[in-house]
Amino acid sequence: MKAHIVTLPGDGVGPEVTAAAVAVLKTVAARYEHEFTFDEQLIGGAAIDATGAPLPAESLAACQSADAVLLGAVGGPKWSDPNSPVRPEQGLLALRAALGVYANLRPLQVHPALADLSPLKNEKLENVDVLFVRELTGGAYFGAKTRTADTATDECKYTVAEVERVVRRAFELARGRRHHVTSVDKANVLETSRLWRSTVQRVATDYPDVKVEHQLVDSMAMLLLTQPNRYDVVVTENLFGDILTDEAAALAGSLGLLPSASLGEGKAGLYEPIHGSAPDIAGHGVANPVGAILSAAMLLRHSLGLEAEAVAVETAVDQVLRHGPHTRDIGGSAGTAAVCDAVLAAIDEHA
Ligand code: ATP
Ligand code: MG
């Protein structure tokens with residue numbers, strides 16, 4: 001098949017891990033006889049330096065006409081002044097909104113070869129297989145903000161339609177997994193959470209084959225650490241999802257391992273590792289490329305419908321995590337390129 005992919009390497013380790021993910025997609029294209037074209041565009045601090053804007057019009061237009069977008073990371077100390085009117089993160093928020101990618105999928109597994117790295121020494125870890133579905137384009141991150149000298153407000157607003165579309169996505173995904181949805185809210189305190197919960201209860205009647213559970217976000221924060229293997233699909237609003245998925249990432253042993261997909265109504269999606277620009281290691285060629293490479297696998301699956309190719313990439317990553325080489329964050333000494341080459345070789349073997 002033919003596919004046009006826009007890459008947004010961004011800042012810090014973004015370009016290093018994006019290069020690895022692109023190499024993987026090129027190998028997949030060669031092995032399976034697909035024709036992928038790539039178009040690199042600016043976002044974040046790199047875009048501010050070059051054009052003054054964190055999401056130049058040309059980048060956005062390219063993303064809007066692509067089959068999928070692969071992003072590295074945005075931000076870094078050079079652009080970190082919170083009082084500056086232009087900040088790298090604005091580019092990413094604007095891109096998510098413009099693409100309408102309201103559902104952010106973040107799968108979490110704890111690889112058996114890396115269980116020692118997890119802060120939990122818990123026999124339940126080996127069965128951890130959770131898919132977080134975070135609402136990505138509403139709530140407090142997008143509400144009206146006000147500020148006077150001594151008062152600040154962030155409006156948190158959700159419509160039934162906004163809740164329903166992401167919750168339906170979660171139920172659909174649960175049908176392809178273990179038929180269990182956990183909805184996380186703060187319905188004992190927040191009105192938006194009461195709307196969220198009643199919407200989940202109504203949507204659930206369309207999915208009688210899926211078991212539904214409601215948790216308050218504070219208890220969920222605890223349960224994720226004490227019983228992580230109890231969960232299948234976890235769906236929640238933007239702010240709670242941001243916090244819970246970073247907590248969950250710690251279970252896997254390194255932020256550098258985890259991928260994400262952000263999806264809207266169409267097939268086009270936005271794919272990025274969940275880690276940030278990692279300024280402390282940027283430029284040294286030591287960043288773990290696994291999160292970016294697994295994001296490329298999600299791209300193959302969700303935007304291009306290439307399930308066998310996605311599985312081939314995931315199988316190759318599994319082999320490399322099992323046998324090495326490993327980057328420093330997971331206890332090895334290999335660089336980004338060596339890990340990427342090992343994944344490419346494993347794809348060639350599997351195909
Ligand atoms: P940002 O502001 O862009 O989110 P950050 O300072 O929060 O950046 P993160 O990227 O979130 O940094 O990383 C937090 C820690 O995890 C850092 O110590 C970083 O080196 C490490 N880390 C993140 N990504 C990777 C990776 N791909 N490989 C290895 N270590 C990583
Ligand atoms: Mg960060």
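User: Axes are lines fitted to C-alpha atoms, for helices over the stretch in contact, with angles from 0 to 180 degrees between N-to-C directions. At roughly what angle do the axes of helix 5 and helix 6 cross?

Analyst: This is a predicted model, in which local features need pLDDT of at least 70 and side-chain atom pairs pLDDT 80 or more, while totals for chains, interfaces and linings use all residues. Residues are numbered from 1 along each chain as written, and chains are lettered from A and ligands numbered from 1 in written order. Helix 5 spans residues 160-175 and helix 6 spans residues 191-204, and their axes come within 9 Å. The crossing angle is roughly 50°.

User: How is helix 5 placed relative to helix 6: roughly parallel or oblique?

Analyst: Angles under 35 degrees count as roughly parallel, over 145 as roughly antiparallel, 65 to 115 as roughly perpendicular and the rest as oblique. The axes of helix 5 and helix 6 cross at roughly 50°. Helix 5 is therefore, relative to helix 6, oblique.

User: How many nonpolar residues has the contact of helix 5 with helix 6?

Analyst: Helix 5 contributes Val160, Val163, Glu164, Val167, Arg168 and Phe171, which meet Leu195, Trp196, Thr199, Val200 and Val203 of helix 6 (contact: C-beta atoms, placed from the backbone, within 7 Å). By class (nonpolar: Ala, Val, Leu, Ile, Met, Phe, Trp, Tyr, Cys, Pro; charged: Asp, Glu, Lys, Arg; polar: the others, including Gly), this contact has one polar and two charged residues. The nonpolar residues number eight.

User: How many charged residues are in the contact of helix 1 with helix 11?

Analyst: On the side of helix 1, Glu16, Val17, Ala20, Ala23, Val24, Thr27, Val28 and Arg31 take part, and they meet Thr336, Cys340, Val343, Leu344, Ile347 and Asp348 in helix 11. Nine of the residues in this contact are nonpolar and two are polar. The charged residues number three.

User: How far apart are the axes of helix 10 and helix 11?

Analyst: Helix 10 and helix 11 pack at an angle of about 125°, and they are therefore oblique to each other. Ala312, Val313, Thr315, Ala316, Val317, Gln319 and Val320 in helix 10 meet Val339, Ala342, Val343, Ala346, Ile347 and His350 in helix 11. That contact has ten nonpolar, three polar and no charged residues. The distance between the two axes is 8 Å.

User: Which residue does a cis peptide bond join to Gly324?

Analyst: Omega of this bond is about 0°. The residue concerned lies in the loop between helix 10 (307-323) and helix 11. The partner of Gly324 is Pro325.

User: What value is phi of His179 near?

Analyst: His179 lies in the loop between helix 5 and strand 8 (180-185). Its phi is positive, in a residue other than glycine. The value is near 60°.

User: How many polar residues are in the shell around ligand 1?

Analyst: Ligand 1 is surrounded by 18 residues, of which Gly256, His275, Gly276, Ser277 and Asn288 are the closest (near: C-beta atom, placed from the backbone, within 6 Å). The shell holds eight nonpolar and two charged residues. The polar residues number eight.

User: How many strands has the chain?

Analyst: The C-alpha atoms fill a box of roughly 50 × 50 × 40 Å along the principal axes. Helices (H or I, at least four residues) and strands (E, at least two) are DSSP runs, numbered from the N terminus. The chain has eleven helices, and its strands number twelve.

How values were computed
Contact = placed C-beta atoms within 7 Å.
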